[in-house]
There are 2 protein chains.
Amino acid sequence: MSRQKLRIIPLGGLGEIGKNMMAIEFANDIIIIDAGLMFPEEDMLGVDLVIPDISYLLERREKLRGIIITHGHEDHIGALPYILPQLNLPVYGTKLTQGLISIKLKEHRWEKKATLRTIQPGVKFSLGNFKIEPFSVCHSIPDSLGFSIDTPIGTVIHSGDFKIDYTPVDGKPTELAKLAQLGTQGVLLLLADSTYAELPGYTPSETVVGEALGRIIAEAPGRVIITTFSSLISRIQQVIDAAAKHNRQVFVIGRSMRDTVHMASELGYLKAPPDVLRRFEEIHRFPYDKVVLLTTGSQGEPTSALVRIANRDNSQVRIIPGDTVIMSATPVPGNEALVNRTIDNLFRQGAHVIYEKLAQVHVHGHGSQEELKLLLNLVKPKFFAPIHGEYRHLSLHARLAKSLGIPETNIFVLENGNILELDREKGKIVGRLPAGNVYVDGLVMGDLASVILRDRKLLSRDGIVVVIVAIDKKDKARIVGRPDIVSRGFVDMKEGETILEQGRDLVKAALDRSGGRPLEWSFINAKVKDTLSKFFYEQTRRRPMILTTAVEV
Amino acid sequence: MSRQKLRIIPLGGLGEIGKNMMAIEFANDIIIIDAGLMFPEEDMLGVDLVIPDISYLLERREKLRGIIITHGHEDHIGALPYILPQLNLPVYGTKLTQGLISIKLKEHRWEKKATLRTIQPGVKFSLGNFKIEPFSVCHSIPDSLGFSIDTPIGTVIHSGDFKIDYTPVDGKPTELAKLAQLGTQGVLLLLADSTYAELPGYTPSETVVGEALGRIIAEAPGRVIITTFSSLISRIQQVIDAAAKHNRQVFVIGRSMRDTVHMASELGYLKAPPDVLRRFEEIHRFPYDKVVLLTTGSQGEPTSALVRIANRDNSQVRIIPGDTVIMSATPVPGNEALVNRTIDNLFRQGAHVIYEKLAQVHVHGHGSQEELKLLLNLVKPKFFAPIHGEYRHLSLHARLAKSLGIPETNIFVLENGNILELDREKGKIVGRLPAGNVYVDGLVMGDLASVILRDRKLLSRDGIVVVIVAIDKKDKARIVGRPDIVSRGFVDMKEGETILEQGRDLVKAALDRSGGRPLEWSFINAKVKDTLSKFFYEQTRRRPMILTTAVEV
């Protein structure tokens, strides 16, 4: 048994490595850690979501033992509604994580078919040959876990997303003593979060934000409108606490914020003093300086409550001078422009806006370099593989590990789809899965053919020109009349009319020179493309997509 | 005369306010400050450039006296090739600025038709009723200016893009004494750079970067590859100095970097000790630890030398382990993903990459809050209008000014196209120009109809479906055969075939129910759209653009 090797595979085709899903395999058992989704990159036009490619798992169905979840963020649970219908496995997570998974599954009507098992820090459970002990870690959502996984050849520690916060809002710090104890017993492999491997020093405690919020609320002359991620339950707790301290009432707007506040209060993860959390309808009973509004929209989402407010497009709330808006979040990469536009519009409406650059109204949920070193130092793993981050973050994390004395040959910087094989003595990347991206676009899920994405990109650049050529049914060498041309996204109707008209004449002339041979579609297609591409480029320096069809008349 | 009012107009339809162009008007004279371009925002699909809308100026041709340029960056000079053919005005700028303008105009073959006049700090000149005295300011390009403009009702100061650097690389600090003297004499209006109004404290001196570069070069085991903006001539000077100090040779790759180094050396803005700057062909004569490579690609531009190197696609340079790459620039907003991808790929090739988050290898060219306060304090203007920045930056700059005691009624937060009118006593925003964006897309320049952009956006999301309906020439109520359907960017050829085939049948059935009335195009169009939109959405949750054409056969 022990001569068999342990396989570690970060799944997914792009993005942060091992973030959305990892597989750990030994002999006849595979466990899956997390099942999250990614939002599409800029060039994935029209794609809604990207989820990990699970073909490796589908080919090994009989080995699969379960999915263990580190925490309830979208990038760790969001793919479950798409994956569970294919792999009906039990899902293990803490109470809050399961609450969030249930909301997701309900939306996809898969709630009743899923098997959700609640786990707790310190309570071991077995999946096949693996013995798993969850431990608490601090992250930007309560009830986050790391895992210590006993395998037949040694212990693997997976950090989850973590930071080291000695004064967390939920009172559950990262379990350093447990990690030290595991380190003393000997750890084969550490898989650790690299998201903030770029940042020197320590990430500040979440309570720093509470202090900043308190100061701003105390000094605000009127209403305070606060937006954050709805999953940031500790942040919501701090908003409630700061409001209560300064005798303000909290009103919640935005569907996802209301849902989360409701669920987290029910499960006991949010605690409000009596009468602080109020129904929105009561807001008119309170003077402006007694009001805190908690809202969605921290990412500048166009349909969110805050963006509607910024655009004077919300029927319930209008900005009035004296309002203070706090953006208690960082823009997720790609959302910067939306967030900046929202801030600009709030200023235009007369609000004073406070965001991360102006005051410490947000802290990260991931450890900085000194925290990563502390973890490495406590766990003292034989092998180390940085995960959760782009390639540069993993490289920098690997450098840190090397500087702490882990030999370079025992450090593995993986890519998604890489297969790392370990025995007790050494490790090696033995292969790479042909892991494409699995795109979710509308109802279709799968390998969205790259030709579709390429076409969408072409279309978005200079539009499309459609040419319809009518061929004489009897004399197939003859075209009837002038070809029709319609275009979209290429030229202005007015300015472009002449160009399109000239194009029709050119196509006609080009096809008339066929020399009496029957006009075949491939010939027509090539001629039309040649003629028009050249002409349009000369006239406009644009290269629209040209689509030709022939009809017999 | 003095009862007339002074008009201040930031021109341009979007982006930073007053950044690309401003107009100052009094009685029969208008002067223009800067003529720059913007790169398109994310949703301006296919647009190459955006330039200010000059219709206000075109309607007042007889008043125009000249264009004065603060410095040679694209966003201050880049629109000249598009604007000079419409407004043939003399252009005033420093020697280096004129050098950069000449390069631009040469590309557009307008060099010989333009009138370029060289100006110097401290040397006054007149344009109509305006007496202009340029003064030196520090920015991320040498030879940058601010302007003191005497008007019949008082002095206007325009800061240009500036920071306060007591140890600038080119030895020309911002002229604080001059500003203090102007302030003592009395300033009517200050127009000042707000780009970094968000940042507390002082922006570090450019020499800080030189020290960081020196340390990295001293410790690098092999080659050092440095990328920066090619306009950042002080940075290039510091690279040369640091290389010389550590006995390394400098080799330049990338066309725009070579052009700038050549031009700036000719004009005396770059100084290299003998034999430090070398022709690339000689690189093989030097050991790795004697080499510094200076390259383009700091913004991850896909065709730049550095990006090709990162992709193993450059015939001259390959990354080898031991290489150190320094990204001596910040990503311009919108370029973050490209820059990050480049860094990831360089790490993949085995280089060690050092970027802004890891060491102080870049500093900004704009003043932070304490510098802005210093300027306000020296100039003591009666009126203040923050410029150069998004609305939030201007709002924050206005707040700073208020905190220094300028009355709120004397502070004007403008938008592009706003007309600010001032007399000696008071000011007011009296109107807003209907300033649309002027898009440059290929050869076409003008108000790129929003319908084109909307179409490109629609096309990029779910592609297009083209439907060709054949109508019987004799019986116009009858359609011939099944309609043809072609699509691009909508569904996969294979998976989509059934859907498209079913679509044809549905269209046929829908049109057959016309009830014997002649089929008009508008009827066909509406029917086809209704039928297919609904069907495709049900089947795929996608909403392709649907384009219908009818032919008679």
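Predicted model: local features only at pLDDT ≥ 70, side-chain atom pairs only at ≥ 80, totals over all residues.
Me: Which residues of α11 in chain B are buried, and why are they on the same side of the helix?

Reply: An α-helix has 3.6 residues a turn, so residues three or four places apart point the same way. In helix α11 of chain B, which spans residues 369–379, the buried residues are E371(B), L372(B), L375(B), L376(B), L378(B) and V379(B). They lie on the same side of α11(B) because the arc they cover around the axis is only 165 degrees. Just after the helix comes K380(B), which takes a positive phi of about 40 degrees.

Me: How should I read helix α15 of chain A, and what is its reach from first C-alpha to last?

Reply: The general idea is to compare the span with the expected one and then to look at each side in turn. Helix α15 of chain A, residues 521–540, has 20 residues and reaches 27 Å from its first C-alpha to its last, which is close to the 28 Å expected at 1.5 Å a residue. Its buried residues are I524(A), V528(A), L532(A) and F536(A), and they are on the same side of α15(A) because they cover an arc of only 55 degrees around the axis. On the face turned away from that buried side, α15(A) carries the exposed residues S522(A), A526(A), D530(A), K534(A) and E538(A). The residue that follows α15(A) is R541(A), whose phi is positive, near 55 degrees.

Me: In strand β20 of chain A, which side chains point to the buried face?

Reply: In a strand one can follow the side chains from one residue to the next, and along β20 (residues 418–422) of chain A they alternate.

Me: Which strands pair with β20(A)?

Reply: Strand β1 (residues 6–11) of chain A pairs with β20(A) in the antiparallel sense over three bridges, and here L6(A) stands opposite L422(A). Strand β21 (residues 427–432) of chain A also runs antiparallel to β20(A), to which it is joined by five bridges, with E421(A) opposite K428(A). A hairpin of four residues links β20(A) to β21(A).

Me: Is V469(B) buried or exposed?

Reply: The way to decide is to count the C-beta atoms around the residue, where 20 or more others within 10 Å make a residue buried. V469(B), which is found in strand β24 (residues 464–471) of chain B, is buried because 24 other C-beta atoms lie within 10 Å. Leaving aside its neighbours within four places in sequence, V469(B) is in contact with I479(B), P483(B), L511(B), I524(B), T548(B) and A550(B).

Me: How many residues of chain A are in contact with chain B?

Reply: For an interface one counts the residues on each side, and then asks what they are. Here 50 residues of chain A are in contact with 50 residues of chain B. The elements of chain A that give two or more residues to this side include α10 (336–348), α13 (450–462) and β26 (545–552). The residues on this side of chain A divide into 22 nonpolar, nine polar and 19 charged.

Notes. Residues numbered from 1 in each chain as written. Chains lettered and ligands numbered in written order. Buried ≥ 20, exposed ≤ 12 C-beta atoms within 10 Å, placed from the backbone. Arc of directions from axis to C-beta. Contact = placed C-beta atoms within 7 Å. Nonpolar A, V, L, I, M, F, W, Y, C, P; charged D, E, K, R; others polar. Expected span 1.5 Å × (residues − 1). Pairing = 2+ DSSP bridges.
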